[in-house]
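I opened the model to look up its strands and its charged pairs. My entries follow in the order of the look-ups.

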Amino acid sequence: PPPSSLGYFDAMDEATLSAVRAAMMTAKTPGAYDKVYKDECVYSYDTPLSPTGLYVNLSTHHGVGEAHLALDHEKTGNVLYLHQRWVKTPKP
């Protein structure tokens, strides 16, 4: 479930936080001329509207579907991903 408040992040233990902090060194901020593939998986046709969403590698800025997440991790060694999962809701 998505976090409803910042209190959700208080539940992380110190080991998890230190692992995330260490992995943040590999995350790159995209520049003005860098492409970020966040609309569709580079290996399949998964999108953020897919049932499992899309994971964006924070080092390479390539989007991958859940089925290809292990392959991308094995290829790049990255452990930090932005998970995008969109849900269409009908207008009232």
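I began with the hairpin of β1 and β2, which has five residues between the strands. Within this hairpin, H61 takes a positive phi near 60°. I take strands (E, at least two residues) and helices (H or I, at least four residues) as DSSP runs, numbered from the N terminus.

I note that this is a predicted model, in which local features need pLDDT of at least 70 and side-chain atom pairs count only at pLDDT 80 or more, while totals for chains, interfaces and linings use all residues. Residues are numbered from 1 along each chain as its sequence is written, and side-chain values use heavy atoms, with hydrogens and water left out.

Next I looked up the pairing, which requires that DSSP finds at least two bridges between two strands. β1 (residues 54-57) and β2 (residues 63-64) pair in the antiparallel sense over two bridges. I find G63 in β2 as the bridge partner of V56. β1 also pairs with β3 (residues 81-84), in the antiparallel sense over four bridges. In β3, Y55 has H83 as its bridge partner, and L54 has Q84.

Which way do the side chains of β1 point? I see L54 and V56 pointing one way, Y55 and N57 the other way, and all are buried. Buried means under 20% relative accessible area, exposed over 50%, and partly exposed in between (1.4 Å probe, protein chains only).

Last, I looked up salt bridges (a side-chain nitrogen of Lys or Arg within 4 Å of a carboxyl oxygen of Asp or Glu). The structure holds two. One joins R21 and E14, with the closest N and O atoms 3.5 Å apart; E14 counts as exposed because its relative accessibility is 56%. D39 forms a salt bridge with K38, the closest N and O atoms being 4.0 Å apart. D39 is exposed at 53% relative accessibility, whereas K38 is partly exposed at 40%.
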